[in-house]
Amino acid sequence: MTDAIPPAIEISHLTKVYAGGKRALDDISLSIPRGQIYGLLGPNGAGKSTTINILAGLVNKTSGSARIWGFDIDQNPRNAKNSIGIVPQEIVFDPFFTPFETLENQAGYYGVPKGRRRSMELLRAVHLEDKAHAYARTLSGGMKRRLLVAKAMVHSPPILVLDEPTAGVDVQLRQQLWEYVRELNALGVTIVLTTHYLEEAEELCDRIGIINHGRVITDKPTRELIAMAQEKVVQVTVDRDIATAPSGPCFEKVELSDPRTLTITYMKDRANAGQVLNAVQASGLSIVDVVTRDPDLEDVFLSLTTPA
Ligand SMILES: Nc1ncnc2c1ncn2[C@@H]1O[C@H](COP(=O)(O)OP(=O)(O)OP(=O)(O)O)[C@@H](O)[C@H]1O
């Protein structure tokens, strides 16, 4: 009876108006399925952190409701909190504790008995075993971020939320972090991440929600979202220099990138690449090379978040 299993996170008509009147969330509803890697995307100030901070119990909502692993955050705050681990955007540690102590303290905070603590195991998983007894202040930025991930996992929550985890983290560390996130997901942990890196969301996430100005503008499987980008681009190299770009009935836009290269945009619901190439040949040009570009999430994101 999979239908009876509640989603990992269910947000229903959530609204947040900050003191001062800023409406950061305006009637948001989202359902995040269990077992997935879910990407929450949106431009700066869209309301991503506000959403996560409400789930974490750090910000009070104005109205609406949220359930974490089936537990209502108002009616069952303790179970809701125990079901989620949050890696915050900002790095906050007591610099005088070692990574090992940091994890032990956090486990204590969650009431994890000594015999069931996994501090060393977690440090090993985030490649910080050799730093277990160094002061937190001596760790590099990337190490601190990995320690935050371990800290969020001390109570073995079924959901891990990462708020902009790779901001300011170099490419190699980012890859290591994602590797660990994927491992956790393979073990059954539901992952929610917010990111500005669209390629990253596209590569990692099974499903993506986009919010803008405090509203959900889309919430779909990544594949469907990419398919929504209607614009396609084909770059055609012709056999001789030309001075002006030819026109074609199915061209949305055409540019002469260099004297022999045409960059043609067409709408995939109105034409196909064959028709575009036929139109080029019909203008008397011979084609020597063709490069097509598939839409990526950036195209979808821009078309959905830019005011029409
Ligand atoms: N404590 C606060 N008091 C008043 N306004 C706030 C507060 N925190 C956030 N806001 C405002 O609420 C809106 C949503 O902010 P939020 O931090 O949730 O966005 P975000 O999508 O996480 O952005 P970013 O990607 O920059 O972190 C913004 O306009 C922000 O200025």
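Let's start with what counts as pairing: two strands pair if DSSP finds at least two bridges between them. Helices (H or I, at least four residues) and strands (E, at least two) are themselves DSSP runs, numbered from the N terminus. What you're looking at is a predicted model, where local features need pLDDT of at least 70 and side-chain atom pairs count only at pLDDT 80 or more, while totals for chains, interfaces and linings use all residues. Residues are numbered from 1 along each chain, following the sequence as written.

Now to the sheet. Four strands make up an open sheet, in the order S2-S1-S4-S5, with antiparallel pairing. At the edges sit S2 (23-32) and S5, each of which pairs on one side only. Further in, S1 (residues 9-17) and S4 (residues 63-68) are antiparallel partners, held together over five bridges.

Next, the ligand. Its surroundings (residues whose C-beta atom, placed from the backbone, lies within 6 Å of it) include Tyr 18, Lys 22, Asn 44, Lys 48 and Thr 50. Helix H1 (residues 48-55) gives the largest share of this shell, three residues. By type, the shell splits into three nonpolar, seven polar and two charged residues. In this scheme, Ala, Val, Leu, Ile, Met, Phe, Trp, Tyr, Cys and Pro are nonpolar, Asp, Glu, Lys and Arg are charged, and the others, Gly among them, are polar.

Finally, look at helix H3 (residues 99-109). Pro 99, Thr 102, Leu 103, Gln 106 and Ala 107 are buried there, with 20 or more other C-beta atoms, placed from the backbone, within 10 Å of their own. These residues lie on the same side of H3 because they cover an arc of only 130 degrees around the axis, taken from the directions from the helix axis to the C-beta atoms. Just after H3, Gly 111 takes a positive phi of about 75 degrees.

Technical notes
A residue is buried if 20 or more other C-beta atoms lie within 10 Å of its own, exposed if 12 or fewer, and partly exposed in between; C-beta atoms are placed from the backbone.
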